[in-house]
Amino acid sequence: MEPSNPSTTPTSEAIMSRAGLVRGFRLAAAVAPGVAGAGLIYGALCRAAAVSGTEAALKSVLVAAGTSQFAVLELWTRPVPLLSVTVVALLVNARYILMGAALPTWFGKLPPSRRWLSAYFLCDESWALSARDYREGRADAGILIGTGVAVYISWALGTAVGYGSAGSLRIESAPGLDFLVPAALLAVLAGFWSGGRTALIPWAVAGVVAIACAHLLPGSWYVVLGGAAGMLAGANADGV
Amino acid sequence: MAFDPLALSAIAGMALATFILRMGGVWMAGRKASSPFLRTSMRHAPGAILVAMLAPVVLAGGLPTIAAAGATVLVSRRTGNLPVAIVAGVVAFAALDSVLP
């Protein structure tokens with residue numbers, strides 16, 4: 001991917017800079033081993049499930065959404081149930097709508113090509129790791145895209161290596177590796193804590209609703225409903 | 001290598017569905033509601049969404065995950081350093097997972 005040179009566009013906002021891309025890449029370094037490890041396991045499982053190499057590669061490159069890719073492995077029988085796997089992808093990835101909507105407003109002012117890039121590289125890790133910078137008011141899509149590209153490469157390479165070495169690879173993750181991505185998200189979340197009742201209420205509501213919905217609903221609806229409930233409870237507690 | 005048109009269509013379906021969700025979200029980012037209530041609620045979005053994403057996962061993992069989550073949050077709060085907090089969480093998880101049932 002070629003980062004564009006902001007000096008050639010004299011418009012006021014530097015909205016996707018090389019510095020932002022680099023910053024995103026560096027933010028992603030913390031989670032890249034965890035993502036690559038998950039990709040490795042995914043690749044090996046694809047081979048075990050008789051998914052062809054082309055199919056495994058295409059999924060990691062075009063869908064690029066790990067949870068949904070794992071979710072359809074069980075369904076991947078011949079003939080492939082086209083409708084079922086598409087619906088599962090919709091259910092599991094529904095959270096991207098809310099996450100995208102929660103990005104800063106200036107994302108809507110990006111040129112279409114950069115908006116498409118931002119969307120393509122939107123994932124749990126890129127969204128969470130860039131969220132702190134965006135809360136601090138940095139208006140640079142490069143941070144999200146750079147983080148997303150690094151995560152994307154880790155995932156795709158992990159898949160390829162896992163598929164290629166499935167026979168010799170013992171599917172067993174390093175101790176603690178499973179917890180790497182949750183730990184990164186938790187560390188980011190901890191930084192958002194502002195204390196007091198108006199901070200506690202939205203988080204408590206989000207947590208309780210998400211835990212209840214995770215038992216009752218398929219896919220990632222628990223993220224959508226828990227997140228939305230927490231947001232509304234927060235605004236309510238602020239007394240707007 | 002097997003070339004299964006139905007499988008390729010299914011991958012295209014998944015890719016399209018996922019991209020539409022991602023694009024729809026980014027499209028909505030630029031069209032924030034004018035209502036003050038909804039704008040305030042958007043301020044709570046990052047925290048609330050992350051809590052919703054993590055709470056069921058942490059709870060489902062049982063005692064090792066809950067304790068390691070606590071350690072990650074504590075170190076993150078104390079140091080303000082992301083990589084240090086992540087390493088602390090992973091080490092705590094690895095240690096607890098081998099000790100606890």
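This is a predicted model: local features need pLDDT of at least 70, side-chain atom pairs count only at pLDDT 80 or more; totals for chains, interfaces and linings use all residues.
**Entry 1: the interface**

I began with how the two chains meet. On the chain B side I found 63 residues in contact with 85 residues of chain A. The area buried between chain B and chain A comes to about 6400 Å², and carbon and sulfur atoms give 80% of that. In chain B, the residues that lose the most area to chain A are B:Met14, B:Leu21 and B:Arg22, together 12% of what that side buries.

Next I looked up the polar side of things. Twelve residue pairs are in polar contact across the interface of chain B and chain A. Helices H1 (5–29), H2 (36–43), H3 (45–60), H4 (62–79) and H5 (82–99) of chain B each give two or more residues to the side that touches chain A. H1(B) gives the most, with 20 residues. I sorted that side of chain B by class and got 44 nonpolar, 14 polar and five charged residues. The count of salt bridges between chain B and chain A is two.

**Entry 2: A:Arg78**

Which residue of chain A pairs with B:Asp4 in a salt bridge? I found A:Arg78, with the closest N and O atoms 2.8 Å apart. A:Arg78 sits in the loop between helix H4 (66–73) and helix H5 (82–92) of chain A. I noted a relative accessible area of 41% for A:Arg78, so I logged this residue as partly exposed.

A:Arg78 also has partners in chain A. The side chains of A:Glu55 and A:Arg78 meet in a salt bridge at 2.9 Å, N to O. This pair links distant parts of the chain, 23 residues apart, with A:Glu55 in helix H3 (residues 53–63) of chain A. The C-alpha atoms of A:Arg78 and A:Ala50 are 9.9 Å apart, and the two residues are separated by 28 residues along the chain. Beyond its neighbours within four places in sequence, A:Arg78 has contacts including A:Val51, A:Ser52 and B:Ala7.

**Entry 3: helix H8 of chain A**

I checked the length of H8(A), residues 124–135. Its twelve residues should span 16 Å at 1.5 Å a residue, and the end C-alpha atoms are 16 Å apart, so the two agree. Is H8(A) largely enclosed or largely open? Ten of its twelve residues are buried, so I wrote down "largely enclosed by the rest of the structure". Among the buried ones are A:Trp127, A:Leu129 and A:Tyr134. Just after H8(A), A:Gly137 takes a positive phi of about 90°.

A:Asp133 meets A:Arg23 at 2.5 Å, N to O. A:Arg23 lies in helix H1 (residues 18–28) of chain A and A:Asp133 in H8, so the pair ties together parts 110 residues apart in sequence. A:Asp133 is buried at 2%, while A:Arg23 is partly exposed at 30%. A:Arg138 joins these two in a network of salt bridges. A:Asp124 forms the other bridge, with A:Arg95, at 2.8 Å between the closest N and O atoms. A:Asp124 and A:Arg95 are both buried.

**Entry 4: A:Thr159**

My last stop was A:Thr159, in helix H9 (residues 141–164) of chain A. A:Thr159 is buried, at 2% relative accessibility. A polar atom of its side chain lies 2.8 Å from the backbone oxygen of A:Trp155.

Notes
Residues are numbered from 1 along each chain as its sequence is written. Chains are lettered from A and ligands numbered from 1 in the order in which they are written. Side-chain values use heavy atoms; hydrogens and water are left out. Contact means heavy atoms within 4.5 Å. Buried area is the accessible area (1.4 Å probe) that two parts lose on being put together, summed over both. A salt bridge is a side-chain nitrogen of Lys or Arg within 4 Å of a carboxyl oxygen of Asp or Glu. A polar contact is a pair of N or O atoms within 3.5 Å; within protein, one must be able to donate a hydrogen and the other to accept it, and residues adjacent in sequence count only if both atoms are side-chain atoms. Helices (H or I, at least four residues) and strands (E, at least two) are DSSP runs, numbered from the N terminus. Ala, Val, Leu, Ile, Met, Phe, Trp, Tyr, Cys and Pro count as nonpolar, Asp, Glu, Lys and Arg as charged, and the others, Gly among them, as polar. Buried means under 20% relative accessible area, exposed over 50%, partly exposed in between (1.4 Å probe, protein chains only). The expected span of a helix is 1.5 Å times one less than its number of residues.
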